[in-house]
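The sequence and the structure come first, and the description follows.

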Amino acid sequence: MIKLVVAKFGGSAIGIDGISIPLVIDRINDLKKDSKIIAVFSAPLTIQNGKKCSLTDVILEQGRNVENGEKANLDAIKSCYEKIIKFVNSENKEDCQKSIDLFLKKAEMALDEALLKKEFVNEVRSRSLAFSGEILISHVMNYILKSNGIKSNAVSYDDWPIITDHNIESTNFLASKSRENLGKTAKLVDENEVVAIGGFIGKTPEGVITTYERGGSDRTAADLGILFHKKYETRIDFEKDSSVVSADPKIVENGLTEVDELSYNEARLAGMFGMKILDPIAIKEIVENGVDMPIIVTNMKEPSKTTTIKRVPNSKNGHPIKIVTGKENCAIFKIETNAAQKLLVSLEKDKRYSEYIILSPFTKDGVEFSRILFLDADYVKRNEKYFLGFDPLASITYNRGVITLIGDEMWRVQQVASRTSAKIGEVGLNILNMDAQEETSRIIIVIEDSKDSIRKAINVIHQEISKINFI
């Protein structure tokens, strides 16, 4: 069976104003030695007001401006592409510039429409983001690939293979509808070494442009893997600044270890609880569609350093606690258990929302209550009326943070719960809830989210875990 790599290049992989594009080309040349490639691109990064940001952030700021009656200004977007187009050779430059002008005109028209309506939402918002970011960069990267002698093509939005439902700004993948629309993209893959496509973007069956949540390019890569895995020997490759290590290197500076393998479950949990490995919904969609394919996280600067994510990893040797991570800005929802089930069904079917963990229940005055840990307190705040509709006497506690130990084989570690909880107490933090079982792939410790409490707890637990030796 022919091999296919769905390679996702995020904004940091492309670099500020495309500075890392030569490295992207090197990686694609390396990957295509034994595989066809679908290259999924996120919006590039740029510098605005002295700070690094995504072009997505630039457009969102312009959207806020037009809602306030100011005409949009795309100078920062144009400046970024003026720098990126320098990687296109003279033979392809004119056509590339025409594509840039065409797509930015579409983005500008969408923003002008928002200005008239004083509303930057739904399809107008999606068009603005797509035509200035992901779709445009995929076409520009196609010209850059051609300029480097690579046989490539870009997916036209008219032939878009990612078909979604009608939740315009936080859409959901429809696998069966997408398979029906796959023909032209499949033909491009057959005929080329590399096919470029923008991440984050979807399309309803009626042709309305949609977007995933932020970070949705990971889902695009997963969705394409789902669509092509039967025809090709498919793997997904996430090109990043580093492979996976035992904690967030922005939080823990010393004693980090490389993580060679993760299960789908471990990677999903790590993503839910703050590690930027990949969008946990991407893994959820792979599992829901019954697909088993390897996901590789590659250090783009040192490609020999990788982490392999599989449904079931090959090896169970090594340290069973693979990752210590944490999440700020959480909330706990306490609700009678008989009402909780209705809420959970609604979250799944109506909201398609899964960023929560069910903690151990408790009983008070003979009534059992469920505790649901939501990993995005802002989501709960925006939907308080919806949540309390299931039980007016339910309670919501904000300002909670959570530290999580992750490892499917964690049951092999003796006294891990007592050792980690003791360390948290030693640094002056109070444990508000601890959810642990004899055999579990995670231990959850809830504390107050204040100042640097999460950072402090992650550091002290990671240090303690590193003292436990396993062969």
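This is a predicted model: local features need pLDDT of at least 70, side-chain atom pairs count only at pLDDT 80 or more; totals for chains, interfaces and linings use all residues.

Helix 11 itself spans residues 264-272 and is mostly covered, with seven of its nine residues buried. The buried residues of helix 11 are Tyr264, Glu266, Ala267, Leu269, Ala270, Gly271 and Met272.

Most residues other than glycine have a negative phi. Against that background, Asn49 has a positive phi near 55° without being a glycine, and it is located in the loop that links strand 3 (45-48) with strand 4 (51-54). Because its relative accessibility is 70%, Asn49 counts as exposed.

Asp365 is another non-glycine residue with a positive phi, here of about 55°. The loop that holds Asp365 runs between strand 14 (356-364) and strand 15 (367-374), and Asp365 is exposed, its relative accessible area being 75%.

## Aromatic pairs and a cluster

Under a rule that pairs rings whose centres lie within 6.5 Å, the model contains 13 aromatic pairs. One of these, Phe228 with Tyr232, is tilted, with 6.2 Å from centre to centre and 40° between the planes. Both partners are covered: Phe228 counts as buried at 1% relative accessibility, and Tyr232 counts as buried at 3%. The rings of Phe362 and Phe369, in turn, have centres 5.3 Å apart and planes at 10°, so this pair is stacked. Phe362 has a relative accessibility of 28% and therefore counts as partly exposed.

A single aromatic cluster is formed by Phe333, Tyr353, Tyr356, Phe374, Tyr379, Tyr386, Phe387 and Phe390. Tyr386, a member of this cluster, also has Lys351 lying over its face, at 4.6 Å from the ring centre. An arrangement of this kind is found at Tyr398, where Lys381 lies over the face of the ring at 5.2 Å from its centre.

## Packing of helix 6 and helix 7

Helix 6 (residues 122-132) packs with helix 7 (residues 134-147) at an angle of about 20°, and their axes are 3 Å apart. Because of this angle, helix 6 is roughly parallel to helix 7. On the side of helix 6 the contact involves Leu129, Ala130, Phe131 and Ser132, while helix 7 contributes Glu134, Ile135 and Leu136. Sorted by class, the residues in the contact of helix 6 with helix 7 are five nonpolar, one polar and one charged.

## Two buried helix residues

Leu31 belongs to helix 2 (residues 21-31) and is buried, with a relative accessible area of 5%. When its neighbours within four places in sequence are set aside, Leu31 is in contact with Val5, Ala7, Ile37, Arg235 and Glu239. Between the C-alpha atoms of Leu31 and Phe200, which are 169 residues apart along the chain, the separation is 23 Å.

Ser217 lies in helix 10 (residues 217-228) and counts as buried at 4% relative accessibility. If residues up to four places away in sequence are not counted, Ser217 touches Lys8, Val40, Phe41, Ser42, Glu134, Gly199 and Phe200.

Conventions: Residues are numbered from 1 along each chain as its sequence is written. Side-chain values use heavy atoms; hydrogens and water are left out. Rings of Phe, Tyr and Trp (its six-membered ring) pair if their centres lie within 6.5 Å; planes under 30 degrees apart count as stacked, over 60 as edge-to-face and the rest as tilted. Buried means under 20% relative accessible area, exposed over 50%, partly exposed in between (1.4 Å probe, protein chains only). A charge sits over a ring if NZ of Lys or CZ of Arg is within 6 Å of the ring centre and within 35 degrees of the ring normal. Axes are lines fitted to C-alpha atoms, for helices over the stretch in contact, and angles run from 0 to 180 degrees between N-to-C directions. Helices (H or I, at least four residues) and strands (E, at least two) are DSSP runs, numbered from the N terminus. Angles under 35 degrees count as roughly parallel, over 145 as roughly antiparallel, 65 to 115 as roughly perpendicular and the rest as oblique. Contact means heavy atoms within 4.5 Å. Ala, Val, Leu, Ile, Met, Phe, Trp, Tyr, Cys and Pro count as nonpolar, Asp, Glu, Lys and Arg as charged, and the others, Gly among them, as polar.
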